[in-house]
Amino acid sequence: VEDGGEEESDDAEAELASPGAGRVAGAASGAVVQGPESADLPPAPWSCDGKSSFEAALEWLVWPMSAKVFISEYWEKKPLHLKRNQPKYYEGLFSKQILDKHIRAGEARFGERLNLAKFDEEKGEKIDLNKGPKGTVIKAKDVDEAWASGATIQVLHPQQFHSPVRATMTALERSFGALFGANAYLTPSSKQGLAPHFDDVEVFMLQLEGSKRWRLHEPPAGEEYPLPRDYSRDFKPDELGDLLLDCTIGEGDLLYLPRGTVHSGVTEVGATFSHHLTVSTYQRTSWFNLLEKALAGALERAAGESSEFREGLPVNFLNIMGSWHEMGSPDTEASSSGGNARAAFQRHFKGLLSRLQEFVDLDGVCDELGVDFMAQRLPPSASSAGSAADGKGSAAEAKEAEEPSVTLESLVRWVDASSVRPMVSTDPETSEATVLLFHSCSNECGKHMCVDTEADEDVGCLRFEAATFLPALRMLCAAGSRTVRCGDLPLPEETDRVALCENLVEAGCMEIVPPDAPGAAP
């Protein structure tokens with residue numbers, strides 16, 4: 001058992017992605033899964049062509065466990081250490097050597113690309129070692145000196161400048177249908193980088209180099225737990241709750257933490273340094289967040305459409321409602337009269353609350369969330385979008401210079417079917433039905449997770465008359481990653497078929513596939 005001495009679970013063999021991949025050990029508080037000594041490894045996201053299945057990135061992330069078991073047994077429930085016995089599992093993703101080259105290029109800035117910090121064990125708190133305010137250009141010698149003194153290096157958003165991390169994040173956003181952030185942490189031997197704390201996101205730690213010992217705890221009493229809505233303050237070691245897991249993650253391992261799990265890590269004494277990449281997701285993606293948005297909109301619609309919601313409150317209602325009046329009156333007759341009025345007030349309130357469900361536009365709210373996701377996620381994989389790999393461009397810019405002209409014989413397909421979100425709306429000026437095709441193909445890699453995007457202003461959006469183009473767009477969306485012959489689109493005019501495909505190709509949403517390319521047959 002490798003989880004701090006807790007008893008082994010009564011669970012049977014876990015469902016694993018690789019035959020004979022090991023057993024699950026650990027109680028409900030946390031678990032360690034041993035990987036196989038030898039196995040065929042799943043393809044890494046940065047080595048794929050951007051056309052892998054929606055589930056591929058999740059399957060790679062939690063291998064050798066199956067995605068099904070991970071989601072049902074661990075997701076949002078308990079910590080998990082995947083001890084893979086595959087030290088090269090993340091080879092090619094990111095490294096200290098690559099970071100050193102980036103720092104010495106002279107373009108990195110404190111607070112934007114990198115932070116330096118040190119944990120003061122006596123005070124039990126983190127000390128900021130950045131040389132200057134946010135935006136100050138980083139000098140390599142300052143990083144070297146801080147590192148030599150035992151400082152931890154936090155690398156912010158490596159997906160913005162390193163294509164393998166970007167490809168991984170793009171694939172994970174595709175698998176989960178949610179934003180993913182990334183930071184890398186490098187800590188010298190025997191040092192602790194940060195104070196114990198918990199995050200408001202689902203955390204996956206990918207151990208790239210070296211090893212680190214992690215202690216996972218429940219938070220102190222009084223904290224919102226489990227699944228808190230906000231991240232925590234830094235905690236003192238003596239105020240932490242029960243130990244959930246005590247484990248050492250080595251190269252190729254994964255440590256998963258549900259949000260709210262307090263964690264603190266120390267680089268192993270025998271390791272030269274520790275380097276892990278943290279990828280995280282599901283910030284503000286709970287039922288609470290959905291209800292908050294849905295009920296606010298429903299209340300506005302209810303008030304606009306039903307006068308019952310606009311009626312005034314009963315005259316002198318404050319004389320019957322409130323904590324004081326909950327106790328009733330010493331006067332029996334007055335208490336009976338007031339009690340009846342209170343009951344009527346409460347019944348009417350509950351009736352309005354029940355009616356509010358009629359005004360919830362659940363699909364509309366989910367469309368809003370989908371548009372926000374399109375506005376902020378990474379553009380389609382660079383492997384499908386050429387020059388988008390430079391971290392500054394977009395799929396649309398890459399496709400503009402590459403694609404040949406569209407003809408009726410052209411075979412077209414989505415660059416990434418998950419990068420477009422169609423919705424049906426009404427044109428406010430003409431009152432005609434309109435198809436809005438929101439997409440992430442014009443998003444800039446270099447701004448990922450750094451801009452609070454206003455979706456209405458910055459998200460890519462194409463508009464089509466539903467009366468003419470809806471059947472053709474439904475055909476294209478139903479095709480998914482398969483090709484469609486332009487001339488087969490259900491449009492009465494040949495010129496409209498070509499024009500539709502041209503618009504989608506120009507926006508970077510679709511690509512023209514050569515007839516002899518793999519998977520070209522419609």
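Leu295 is partly exposed, with a relative accessible area of 39%, where buried means under 20%, exposed over 50% and partly exposed in between (1.4 Å probe, protein chains only). The model is a predicted one, in which local features need pLDDT of at least 70 and side-chain atom pairs count only at pLDDT 80 or more, while totals for chains, interfaces and linings use all residues. Residues are numbered from 1 along each chain as its sequence is written, and side-chain values use heavy atoms, with hydrogens and water left out.

Leu295 sits in helix 6, which covers residues 287-305; helices (H or I, at least four residues) and strands (E, at least two) are DSSP runs numbered from the N terminus. Together with Trp287 and Leu291, Leu295 forms a nonpolar surface patch of about 360 Å² of accessible area, the area coming from the Shrake-Rupley method with a 1.4 Å probe, and only the protein chains shown counting as cover for residues.

In soluble globular proteins, nonpolar side chains tend to be buried together. In this chain, 48% of the 522 residues are buried, and the largest nonpolar core holds 54 residues, of which Phe70, Phe204 and Leu206 touch the most other members. A nonpolar core is a set of buried Ala, Val, Leu, Ile, Met, Phe, Trp, Tyr and Cys residues joined through side-chain atoms within 4.5 Å. A second, separate core of 28 residues includes Val406, Ala466, Leu489 and Val498.

The backbone also deserves attention. Most residues other than glycine have a negative phi, and most peptide bonds are trans. The bond from Trp63 to Pro64, however, is cis, with omega near 10°, and Pro64 lies in the loop between helix 1 (56-62) and helix 2 (67-74). The bond from Tyr225 to Pro226 is also cis, with omega near 0°, Pro226 being placed in the loop between strand 9 (212-217) and strand 10 (243-249).

His157, in the loop between strand 6 (152-156) and helix 5 (163-176), has a positive phi near 50° and is buried, at a relative accessible area of 16%. Asn316 has a positive phi near 60° and lies in the loop between helix 6 and helix 7 (323-326), where Asn316 counts as exposed at 55% relative accessibility.

Notes
Patch = residues over 30% accessible without salt bridge, like charges linked within 9 Å, V, L, I, M, F, W, Y side chains within 5 Å. Salt bridge = Lys/Arg side-chain N within 4 Å of Asp/Glu carboxyl O.
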